There are 2 protein chains.
Amino acid sequence: MTSPAATPAYRRLSVEERRTQLLGAALSLFAHRAPEDVSVDDVAEAAGVSRPLVYRYFPGGKQQLYEAALRSAADELELCFAEAQSGPLTRRLTRALDRYLAFVDEHDAGFSALLQGGSVAETSRTTAIVDEVRRAAAEQILVHLRVEQPGPRLRMMVRTWIAAVEAASLIWLDEDKQPALPELRDWLVDHLVALLTATAATDEQTAAVVRGALAHEPVEGPAGVLARRVIPVVSEAGHLL
Amino acid sequence: MTSPAATPAYRRLSVEERRTQLLGAALSLFAHRAPEDVSVDDVAEAAGVSRPLVYRYFPGGKQQLYEAALRSAADELELCFAEAQSGPLTRRLTRALDRYLAFVDEHDAGFSALLQGGSVAETSRTTAIVDEVRRAAAEQILVHLRVEQPGPRLRMMVRTWIAAVEAASLIWLDEDKQPALPELRDWLVDHLVALLTATAATDEQTAAVVRGALAHEPVEGPAGVLARRVIPVVSEAGHLL
(Lines give C-alpha, C1' and ligand atoms only; values in the text may rest on other atoms or scores of the structure.)
Protein backbone atom coordinates (compact mmCIF):
# COMPACT_ATOMS: atom_id res chain seq x y z
CA MET A 1 0.00 0.00 0.00
CA THR A 2 2.52 2.62 -1.13
CA SER A 3 0.96 5.97 -1.89
CA PRO A 4 2.20 7.78 -5.01
CA ALA A 5 3.72 10.48 -2.80
CA ALA A 6 5.85 7.97 -0.83
CA THR A 7 8.41 7.22 -3.51
CA PRO A 8 9.66 10.76 -4.14
CA ALA A 9 9.84 11.37 -0.37
CA TYR A 10 11.87 8.14 -0.09
CA ARG A 11 14.46 9.55 -2.49
CA ARG A 12 14.66 13.06 -1.13
CA LEU A 13 15.62 12.41 2.52
CA SER A 14 19.23 13.11 3.51
CA VAL A 15 21.23 10.45 5.38
CA GLU A 16 20.62 12.20 8.69
CA GLU A 17 16.91 12.70 7.99
CA ARG A 18 16.52 9.06 7.03
CA ARG A 19 18.28 7.89 10.18
CA THR A 20 16.04 10.15 12.29
CA GLN A 21 12.94 8.86 10.50
CA LEU A 22 13.88 5.18 11.05
CA LEU A 23 14.75 5.83 14.68
CA GLY A 24 11.43 7.61 15.22
CA ALA A 25 9.56 4.63 13.77
CA ALA A 26 11.56 2.21 15.98
CA LEU A 27 11.05 4.35 19.07
CA SER A 28 7.29 4.42 18.71
CA LEU A 29 7.17 0.63 18.16
CA PHE A 30 9.48 -0.11 21.12
CA ALA A 31 7.44 2.26 23.31
CA HIS A 32 4.29 0.16 23.05
CA ARG A 33 5.65 -3.39 22.66
CA ALA A 34 8.29 -5.60 24.25
CA PRO A 35 11.46 -5.80 22.09
CA GLU A 36 10.70 -9.46 21.32
CA ASP A 37 7.47 -8.34 19.65
CA VAL A 38 9.11 -5.87 17.26
CA SER A 39 10.89 -7.03 14.07
CA VAL A 40 13.04 -5.18 11.54
CA ASP A 41 10.15 -5.76 9.11
CA ASP A 42 7.82 -3.90 11.49
CA VAL A 43 10.21 -0.94 11.58
CA ALA A 44 10.55 -0.97 7.78
CA GLU A 45 6.78 -1.07 7.38
CA ALA A 46 6.18 1.71 9.92
CA ALA A 47 8.74 3.91 8.14
CA GLY A 48 7.43 2.96 4.68
CA VAL A 49 10.84 1.71 3.50
CA SER A 50 12.38 -1.64 2.54
CA ARG A 51 14.00 -4.04 4.99
CA PRO A 52 17.45 -3.72 3.30
CA LEU A 53 17.29 0.03 3.73
CA VAL A 54 16.81 -0.40 7.48
CA TYR A 55 19.87 -2.68 7.57
CA ARG A 56 21.89 -0.14 5.57
CA TYR A 57 21.36 2.42 8.38
CA PHE A 58 21.37 -0.06 11.25
CA PRO A 59 23.61 -3.00 10.25
CA GLY A 60 23.15 -4.51 13.72
CA GLY A 61 19.43 -4.88 12.97
CA LYS A 62 16.91 -4.99 15.78
CA GLN A 63 19.39 -4.90 18.66
CA GLN A 64 21.06 -1.79 17.26
CA LEU A 65 17.69 -0.13 16.65
CA TYR A 66 16.63 -1.01 20.19
CA GLU A 67 19.75 0.43 21.77
CA ALA A 68 19.52 3.62 19.67
CA ALA A 69 15.84 4.01 20.62
CA LEU A 70 16.72 3.40 24.28
CA ARG A 71 19.53 5.96 24.15
CA SER A 72 17.08 8.49 22.74
CA ALA A 73 14.43 7.68 25.39
CA ALA A 74 17.11 7.94 28.11
CA ASP A 75 18.03 11.45 26.95
CA GLU A 76 14.38 12.44 27.19
CA LEU A 77 14.00 10.83 30.64
CA GLU A 78 17.07 12.59 32.00
CA LEU A 79 15.42 15.93 31.25
CA CYS A 80 12.33 15.08 33.33
CA PHE A 81 13.96 15.95 36.63
CA ALA A 82 15.73 19.07 35.37
CA GLU A 83 13.81 22.04 36.74
CA ALA A 84 14.59 25.62 37.71
CA GLN A 85 15.85 25.87 41.29
CA SER A 86 13.18 28.27 42.52
CA GLY A 87 9.95 27.89 44.44
CA PRO A 88 8.98 25.32 47.09
CA LEU A 89 10.55 21.85 46.84
CA THR A 90 7.20 20.07 46.50
CA ARG A 91 6.20 22.31 43.57
CA ARG A 92 9.40 21.40 41.71
CA LEU A 93 8.96 17.72 42.50
CA THR A 94 5.37 17.81 41.32
CA ARG A 95 6.40 19.21 37.94
CA ALA A 96 9.28 16.72 37.57
CA LEU A 97 7.02 13.77 38.43
CA ASP A 98 4.37 15.01 36.00
CA ARG A 99 6.95 14.84 33.20
CA TYR A 100 8.29 11.45 34.35
CA LEU A 101 4.82 9.89 34.64
CA ALA A 102 3.79 11.29 31.24
CA PHE A 103 6.83 9.50 29.82
CA VAL A 104 5.79 6.24 31.54
CA ASP A 105 2.26 6.67 30.18
CA GLU A 106 3.54 7.24 26.63
CA HIS A 107 6.07 4.39 26.66
CA ASP A 108 3.95 1.89 28.56
CA ALA A 109 4.79 -1.57 27.22
CA GLY A 110 8.37 -0.62 26.37
CA PHE A 111 8.96 0.83 29.85
CA SER A 112 7.66 -2.38 31.48
CA ALA A 113 9.68 -4.70 29.23
CA LEU A 114 12.82 -2.68 29.85
CA LEU A 115 12.57 -2.60 33.63
CA GLN A 116 11.04 -5.98 34.35
CA GLY A 117 14.17 -7.87 33.31
CA GLY A 118 14.57 -11.09 31.40
CA SER A 119 14.02 -9.36 28.04
CA VAL A 120 15.95 -10.85 25.12
CA ALA A 121 17.20 -7.38 24.21
CA GLU A 122 18.68 -6.76 27.66
CA THR A 123 22.46 -6.63 27.72
CA SER A 124 25.09 -5.04 29.92
CA ARG A 125 24.85 -2.03 27.56
CA THR A 126 21.09 -1.54 27.96
CA THR A 127 21.48 -2.01 31.73
CA ALA A 128 24.18 0.66 31.79
CA ILE A 129 21.88 3.12 29.98
CA VAL A 130 19.09 2.53 32.52
CA ASP A 131 21.54 2.91 35.42
CA GLU A 132 22.74 6.19 33.97
CA VAL A 133 19.15 7.52 33.93
CA ARG A 134 18.70 6.51 37.57
CA ARG A 135 21.95 8.19 38.55
CA ALA A 136 21.01 11.36 36.66
CA ALA A 137 17.60 11.44 38.37
CA ALA A 138 19.22 11.03 41.80
CA GLU A 139 21.69 13.85 41.03
CA GLN A 140 18.83 16.16 40.01
CA ILE A 141 16.88 15.40 43.19
CA LEU A 142 19.97 16.18 45.29
CA VAL A 143 20.26 19.51 43.46
CA HIS A 144 16.60 20.23 44.33
CA LEU A 145 17.43 19.45 47.96
CA ARG A 146 20.21 22.08 47.66
CA VAL A 147 22.87 19.64 48.85
CA GLU A 148 26.31 19.98 47.33
CA GLN A 149 28.11 17.21 49.16
CA PRO A 150 25.53 14.56 50.02
CA GLY A 151 26.51 12.07 52.71
CA PRO A 152 25.92 8.34 52.26
CA ARG A 153 22.58 8.30 54.09
CA LEU A 154 21.02 11.08 52.03
CA ARG A 155 22.30 9.55 48.78
CA MET A 156 20.89 6.14 49.74
CA MET A 157 17.56 7.77 50.65
CA VAL A 158 17.25 9.53 47.29
CA ARG A 159 18.25 6.41 45.35
CA THR A 160 15.71 4.24 47.21
CA TRP A 161 13.01 6.82 46.45
CA ILE A 162 13.94 6.68 42.73
CA ALA A 163 13.58 2.88 42.94
CA ALA A 164 10.19 3.29 44.63
CA VAL A 165 9.02 5.67 41.87
CA GLU A 166 10.08 3.09 39.28
CA ALA A 167 8.30 0.29 41.13
CA ALA A 168 5.14 2.40 41.52
CA SER A 169 5.23 3.19 37.78
CA LEU A 170 5.42 -0.52 36.89
CA ILE A 171 2.59 -1.36 39.29
CA TRP A 172 0.53 1.49 37.83
CA LEU A 173 1.00 0.09 34.30
CA ASP A 174 0.24 -3.40 35.57
CA GLU A 175 -3.00 -2.18 37.17
CA ASP A 176 -4.36 -0.68 33.95
CA LYS A 177 -3.08 2.81 34.77
CA GLN A 178 -5.01 3.18 38.02
CA PRO A 179 -5.20 5.47 40.01
CA ALA A 180 -5.34 8.66 37.88
CA LEU A 181 -1.88 10.16 37.33
CA PRO A 182 -2.36 13.27 39.55
CA GLU A 183 -3.29 11.01 42.49
CA LEU A 184 -0.23 8.79 41.95
CA ARG A 185 2.00 11.85 41.57
CA ASP A 186 0.71 13.47 44.79
CA TRP A 187 1.29 10.21 46.67
CA LEU A 188 4.88 9.98 45.37
CA VAL A 189 5.52 13.57 46.52
CA ASP A 190 4.11 12.67 49.98
CA HIS A 191 6.34 9.57 49.90
CA LEU A 192 9.49 11.67 49.48
CA VAL A 193 8.43 14.19 52.13
CA ALA A 194 7.83 11.31 54.59
CA LEU A 195 11.10 9.63 53.72
CA LEU A 196 13.03 12.88 54.14
CA THR A 197 11.39 13.47 57.51
CA ALA A 198 12.06 9.93 58.77
CA THR A 199 15.69 10.10 57.60
CA ALA A 200 16.08 13.48 59.33
CA ALA A 201 15.55 11.63 62.62
CA THR A 202 18.96 9.95 62.34
CA ASP A 203 20.93 12.07 59.86
CA GLU A 204 21.95 15.66 60.63
CA GLN A 205 22.44 16.61 56.97
CA THR A 206 18.93 15.41 56.08
CA ALA A 207 17.53 17.26 59.11
CA ALA A 208 19.05 20.51 57.78
CA VAL A 209 17.52 19.81 54.35
CA VAL A 210 14.08 19.22 55.88
CA ARG A 211 14.24 22.40 57.99
CA GLY A 212 15.25 24.42 54.93
CA ALA A 213 12.65 22.89 52.64
CA LEU A 214 9.71 23.11 55.07
CA ALA A 215 10.40 26.78 55.73
CA HIS A 216 9.60 27.51 52.06
CA GLU A 217 6.52 25.28 51.77
CA PRO A 218 3.24 27.18 51.39
CA VAL A 219 0.46 26.37 53.83
CA GLU A 220 -1.81 25.06 51.05
CA GLY A 221 0.99 23.04 49.40
CA PRO A 222 1.54 19.27 49.65
CA ALA A 223 3.65 19.41 52.85
CA GLY A 224 1.02 21.46 54.69
CA VAL A 225 -1.86 19.27 53.54
CA LEU A 226 0.10 16.14 54.49
CA ALA A 227 0.97 17.47 57.95
CA ARG A 228 -2.63 18.47 58.73
CA ARG A 229 -3.96 15.11 57.56
CA VAL A 230 -1.37 13.01 59.39
CA ILE A 231 -1.77 14.67 62.80
CA PRO A 232 -5.24 13.26 63.58
CA VAL A 233 -4.07 9.73 62.63
CA VAL A 234 -1.00 9.74 64.86
CA SER A 235 -2.41 11.86 67.68
CA GLU A 236 -4.01 8.77 69.27
CA ALA A 237 -0.50 7.42 69.90
CA GLY A 238 0.26 10.04 72.57
CA HIS A 239 1.90 7.34 74.72
CA LEU A 240 4.89 7.41 72.32
CA LEU A 241 5.77 11.06 72.98
CA MET B 1 44.53 -33.22 44.68
CA THR B 2 42.15 -36.03 45.54
CA SER B 3 42.49 -37.19 49.11
CA PRO B 4 42.38 -40.98 49.69
CA ALA B 5 39.05 -40.57 51.49
CA ALA B 6 37.39 -38.78 48.56
CA THR B 7 37.02 -41.76 46.21
CA PRO B 8 34.96 -43.99 48.54
CA ALA B 9 32.74 -41.03 49.48
CA TYR B 10 32.25 -40.39 45.76
CA ARG B 11 30.90 -43.92 45.32
CA ARG B 12 28.75 -44.07 48.41
CA LEU B 13 26.42 -41.08 47.87
CA SER B 14 22.84 -41.82 46.82
CA VAL B 15 21.36 -40.05 43.79
CA GLU B 16 19.53 -37.59 46.02
CA GLU B 17 22.58 -36.98 48.21
CA ARG B 18 24.75 -36.39 45.16
CA ARG B 19 22.23 -33.95 43.69
CA THR B 20 22.09 -32.08 47.00
CA GLN B 21 25.89 -31.98 47.20
CA LEU B 22 26.28 -30.60 43.67
CA LEU B 23 23.55 -28.04 44.26
CA GLY B 24 25.20 -26.95 47.51
CA ALA B 25 28.51 -26.44 45.69
CA ALA B 26 26.76 -24.47 42.91
CA LEU B 27 24.81 -22.36 45.40
CA SER B 28 27.89 -21.25 47.29
CA LEU B 29 29.69 -20.37 44.03
CA PHE B 30 26.71 -18.45 42.64
CA ALA B 31 26.32 -16.62 45.96
CA HIS B 32 29.70 -14.93 45.69
CA ARG B 33 30.17 -14.55 41.94
CA ALA B 34 28.16 -13.39 38.93
CA PRO B 35 26.83 -16.35 36.90
CA GLU B 36 29.18 -15.46 34.04
CA ASP B 37 32.13 -16.06 36.38
CA VAL B 38 31.08 -19.60 37.38
CA SER B 39 31.73 -22.61 35.09
CA VAL B 40 30.61 -26.23 35.28
CA ASP B 41 34.29 -27.03 35.90
CA ASP B 42 34.22 -24.75 38.97
CA VAL B 43 31.19 -26.61 40.31
CA ALA B 44 32.83 -30.00 39.64
CA GLU B 45 36.00 -28.89 41.37
CA ALA B 46 34.16 -27.45 44.38
CA ALA B 47 32.20 -30.71 44.75
CA GLY B 48 35.30 -32.88 44.16
CA VAL B 49 33.71 -34.72 41.22
CA SER B 50 34.26 -34.93 37.45
CA ARG B 51 32.69 -32.60 34.91
CA PRO B 52 30.72 -35.45 33.21
CA LEU B 53 29.20 -36.37 36.59
CA VAL B 54 27.87 -32.80 36.97
CA TYR B 55 26.29 -33.08 33.49
CA ARG B 56 24.75 -36.46 34.38
CA TYR B 57 22.80 -34.75 37.21
CA PHE B 58 22.30 -31.39 35.45
CA PRO B 59 22.17 -32.07 31.68
CA GLY B 60 21.37 -28.39 31.07
CA GLY B 61 24.78 -27.51 32.51
CA LYS B 62 25.40 -24.12 34.07
CA GLN B 63 22.00 -22.61 33.26
CA GLN B 64 20.21 -25.53 34.93
CA LEU B 65 22.53 -25.37 37.95
CA TYR B 66 21.93 -21.62 38.17
CA GLU B 67 18.17 -21.93 38.07
CA ALA B 68 18.17 -24.76 40.65
CA ALA B 69 20.43 -22.69 42.93
CA LEU B 70 18.15 -19.67 42.45
CA ARG B 71 15.04 -21.74 43.23
CA SER B 72 16.71 -22.90 46.45
CA ALA B 73 17.76 -19.36 47.40
CA ALA B 74 14.23 -18.12 46.64
CA ASP B 75 12.76 -20.68 49.06
CA GLU B 76 15.11 -19.43 51.76
CA LEU B 77 14.31 -15.77 51.00
CA GLU B 78 10.57 -16.37 51.17
CA LEU B 79 10.98 -17.56 54.76
CA CYS B 80 12.68 -14.31 55.82
CA PHE B 81 9.43 -12.39 56.18
CA ALA B 82 7.50 -15.24 57.82
CA GLU B 83 7.18 -14.35 61.47
CA ALA B 84 4.75 -15.08 64.32
CA GLN B 85 1.87 -12.58 64.34
CA SER B 86 2.44 -11.35 67.88
CA GLY B 87 4.11 -8.34 69.44
CA PRO B 88 4.54 -4.82 68.04
CA LEU B 89 4.76 -4.41 64.24
CA THR B 90 8.22 -2.81 64.34
CA ARG B 91 9.62 -5.73 66.39
CA ARG B 92 8.39 -8.22 63.78
CA LEU B 93 9.72 -6.09 60.93
CA THR B 94 13.09 -5.77 62.65
CA ARG B 95 13.43 -9.55 62.90
CA ALA B 96 12.31 -10.10 59.29
CA LEU B 97 14.76 -7.48 57.99
CA ASP B 98 17.58 -8.99 60.06
CA ARG B 99 17.02 -12.30 58.26
CA TYR B 100 16.69 -10.67 54.84
CA LEU B 101 19.83 -8.54 55.27
CA ALA B 102 21.80 -11.55 56.57
CA PHE B 103 20.82 -13.31 53.32
CA VAL B 104 22.00 -10.31 51.27
CA ASP B 105 25.28 -10.27 53.22
CA GLU B 106 25.84 -14.01 52.62
CA HIS B 107 24.92 -13.95 48.90
CA ASP B 108 26.57 -10.66 48.06
CA ALA B 109 27.90 -10.90 44.50
CA GLY B 110 25.17 -13.32 43.44
CA PHE B 111 22.42 -11.07 44.83
CA SER B 112 23.83 -8.07 42.93
CA ALA B 113 24.26 -9.96 39.66
CA LEU B 114 20.73 -11.31 39.91
CA LEU B 115 19.04 -7.99 40.57
CA GLN B 116 21.14 -5.63 38.53
CA GLY B 117 19.92 -7.04 35.22
CA GLY B 118 21.78 -7.73 32.01
CA SER B 119 23.21 -10.99 33.36
CA VAL B 120 23.76 -13.71 30.76
CA ALA B 121 21.90 -16.18 32.98
CA GLU B 122 18.79 -13.98 33.20
CA THR B 123 15.75 -15.39 31.43
CA SER B 124 12.00 -15.06 31.78
CA ARG B 125 12.24 -18.06 34.19
CA THR B 126 14.78 -16.45 36.52
CA THR B 127 12.81 -13.19 36.39
CA ALA B 128 9.65 -15.09 37.35
CA ILE B 129 11.41 -16.64 40.38
CA VAL B 130 12.55 -13.19 41.58
CA ASP B 131 9.06 -11.75 41.07
CA GLU B 132 7.60 -14.60 43.10
CA VAL B 133 9.90 -13.75 46.01
CA ARG B 134 8.83 -10.09 45.83
CA ARG B 135 5.17 -11.06 45.78
CA ALA B 136 5.64 -13.44 48.72
CA ALA B 137 7.43 -10.73 50.72
CA ALA B 138 4.61 -8.25 50.01
CA GLU B 139 2.01 -10.82 51.10
CA GLN B 140 3.87 -11.42 54.36
CA ILE B 141 4.09 -7.70 55.09
CA LEU B 142 0.34 -7.34 54.50
CA VAL B 143 -0.23 -10.17 56.97
CA HIS B 144 1.91 -8.29 59.52
CA LEU B 145 -0.25 -5.22 58.90
CA ARG B 146 -3.28 -7.43 59.72
CA VAL B 147 -5.01 -6.60 56.47
CA GLU B 148 -7.07 -9.30 54.85
CA GLN B 149 -8.34 -7.44 51.81
CA PRO B 150 -5.75 -4.83 50.94
CA GLY B 151 -6.91 -2.02 48.65
CA PRO B 152 -4.81 -0.88 45.69
CA ARG B 153 -3.12 1.97 47.55
CA LEU B 154 -1.93 -0.18 50.45
CA ARG B 155 -0.71 -2.91 48.08
CA MET B 156 1.19 -0.38 45.99
CA MET B 157 2.70 1.10 49.16
CA VAL B 158 3.96 -2.27 50.40
CA ARG B 159 5.34 -3.23 46.99
CA THR B 160 7.20 0.08 46.62
CA TRP B 161 8.72 -0.45 50.08
CA ILE B 162 9.91 -3.93 49.02
CA ALA B 163 11.50 -2.30 45.95
CA ALA B 164 13.16 0.28 48.22
CA VAL B 165 14.54 -2.47 50.50
CA GLU B 166 15.99 -4.20 47.44
CA ALA B 167 17.52 -0.95 46.14
CA ALA B 168 18.98 -0.16 49.58
CA SER B 169 20.49 -3.68 49.73
CA LEU B 170 22.18 -3.23 46.34
CA ILE B 171 23.51 0.20 47.33
CA TRP B 172 24.77 -1.27 50.61
CA LEU B 173 26.70 -3.99 48.73
CA ASP B 174 27.99 -1.40 46.28
CA GLU B 175 29.24 0.80 49.14
CA ASP B 176 31.36 -1.98 50.71
CA LYS B 177 28.62 -2.98 53.15
CA GLN B 178 28.34 0.43 54.85
CA PRO B 179 26.63 1.37 57.16
CA ALA B 180 26.60 -1.49 59.70
CA LEU B 181 23.60 -3.79 59.20
CA PRO B 182 21.70 -2.78 62.39
CA GLU B 183 21.82 0.88 61.29
CA LEU B 184 20.55 0.02 57.79
CA ARG B 185 17.83 -2.21 59.25
CA ASP B 186 16.62 0.48 61.70
CA TRP B 187 16.47 3.01 58.85
CA LEU B 188 14.42 0.61 56.70
CA VAL B 189 11.98 0.11 59.60
CA ASP B 190 11.69 3.92 59.99
CA HIS B 191 11.17 4.08 56.21
CA LEU B 192 8.13 1.80 56.38
CA VAL B 193 6.66 3.60 59.41
CA ALA B 194 7.00 6.93 57.56
CA LEU B 195 5.52 5.52 54.37
CA LEU B 196 2.56 4.02 56.25
CA THR B 197 1.95 7.33 58.00
CA ALA B 198 2.14 9.40 54.80
CA THR B 199 -0.17 6.96 52.99
CA ALA B 200 -2.61 7.13 55.92
CA ALA B 201 -3.14 10.79 55.02
CA THR B 202 -5.02 9.85 51.82
CA ASP B 203 -6.11 6.23 52.35
CA GLU B 204 -8.64 5.26 55.01
CA GLN B 205 -7.57 1.60 55.12
CA THR B 206 -3.95 2.57 55.73
CA ALA B 207 -5.07 5.07 58.40
CA ALA B 208 -6.82 2.22 60.26
CA VAL B 209 -3.66 0.08 59.98
CA VAL B 210 -1.51 2.91 61.38
CA ARG B 211 -3.89 3.56 64.29
CA GLY B 212 -3.92 -0.16 65.14
CA ALA B 213 -0.16 -0.59 64.83
CA LEU B 214 0.84 2.53 66.79
CA ALA B 215 -1.43 1.54 69.70
CA HIS B 216 0.76 -1.54 70.25
CA GLU B 217 4.13 0.15 69.83
CA PRO B 218 6.18 0.41 73.04
CA VAL B 219 7.45 3.84 74.09
CA GLU B 220 11.09 2.76 73.70
CA GLY B 221 10.48 0.99 70.37
CA PRO B 222 11.37 2.32 66.89
CA ALA B 223 8.08 4.20 66.36
CA GLY B 224 8.42 6.06 69.68
CA VAL B 225 12.08 6.92 69.08
CA LEU B 226 11.26 8.09 65.53
CA ALA B 227 8.35 10.28 66.68
CA ARG B 228 10.39 11.96 69.44
CA ARG B 229 13.32 12.64 67.05
CA VAL B 230 11.15 13.95 64.22
CA ILE B 231 9.14 16.44 66.28
CA PRO B 232 12.02 18.92 66.90
CA VAL B 233 12.90 18.89 63.17
CA VAL B 234 9.38 19.63 61.92
CA SER B 235 8.27 21.85 64.81
CA GLU B 236 9.90 24.88 63.17
CA ALA B 237 7.35 24.58 60.34
CA GLY B 238 4.45 25.67 62.53
CA HIS B 239 3.11 27.83 59.67
CA LEU B 240 1.95 24.61 57.94
CA LEU B 241 -0.43 23.57 60.72
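Rings of Phe, Tyr and Trp, the last through its six-membered ring, form an aromatic pair if their centres lie within 6.5 Å. In this predicted model, 6 such pairs occur over all chains.

One of them joins Phe30(A) and Tyr66(A), whose ring centres are 5.0 Å apart and whose planes make an angle of 70 degrees, an edge-to-face arrangement. The two residues come from distant parts of the chain: Phe30(A) belongs to helix H2 (residues 15-32) of chain A and Tyr66(A) to helix H5 of chain A, with a separation of 36 residues. Phe30(A) has a relative accessibility of 6% and therefore counts as buried; Tyr66(A), at 7%, is buried as well.

In chain B, Phe81(B) and Tyr100(B) form a tilted pair, with 5.8 Å from centre to centre and 45 degrees between the planes. Phe81(B) sits in the loop between helix H5 (61-80) and helix H6 (89-106) of chain B, whereas Tyr100(B) is part of helix H6 of chain B, so the pair ties together parts 19 residues apart in sequence. Both residues, Phe81(B) and Tyr100(B), are buried. In chain A, ring pairs connect Phe81(A), Tyr100(A) and Phe111(A) into a cluster.

Helix packing can be followed in chain A. The axes of helix H5 (residues 61-80) and helix H6 (residues 89-106) of chain A come within 8 Å and cross at roughly 155 degrees. Because angles over 145 degrees count as roughly antiparallel, H5(A) is roughly antiparallel to H6(A). H5(A) contributes Ala73(A), Glu76(A), Leu77(A), Leu79(A) and Cys80(A) to the contact, and H6(A) contributes Ala96(A), Arg99(A), Tyr100(A), Phe103(A) and Glu106(A). By class, this contact holds 7 nonpolar, no polar and 3 charged residues.

Notes. Residues are numbered from 1 along each chain as its sequence is written. Chains are lettered from A and ligands numbered from 1 in the order in which they are written. This is a predicted model: local features need pLDDT of at least 70, side-chain atom pairs count only at pLDDT 80 or more; totals for chains, interfaces and linings use all residues. Side-chain values use heavy atoms; hydrogens and water are left out. Axes are lines fitted to C-alpha atoms, for helices over the stretch in contact, and angles run from 0 to 180 degrees between N-to-C directions. Helices (H or I, at least four residues) and strands (E, at least two) are DSSP runs, numbered from the N terminus. Angles under 35 degrees count as roughly parallel, over 145 as roughly antiparallel, 65 to 115 as roughly perpendicular and the rest as oblique. Contact means heavy atoms within 4.5 Å. Ala, Val, Leu, Ile, Met, Phe, Trp, Tyr, Cys and Pro count as nonpolar, Asp, Glu, Lys and Arg as charged, and the others, Gly among them, as polar. Rings of Phe, Tyr and Trp (its six-membered ring) pair if their centres lie within 6.5 Å; planes under 30 degrees apart count as stacked, over 60 as edge-to-face and the rest as tilted. Buried means under 20% relative accessible area, exposed over 50%, partly exposed in between (1.4 Å probe, protein chains only).
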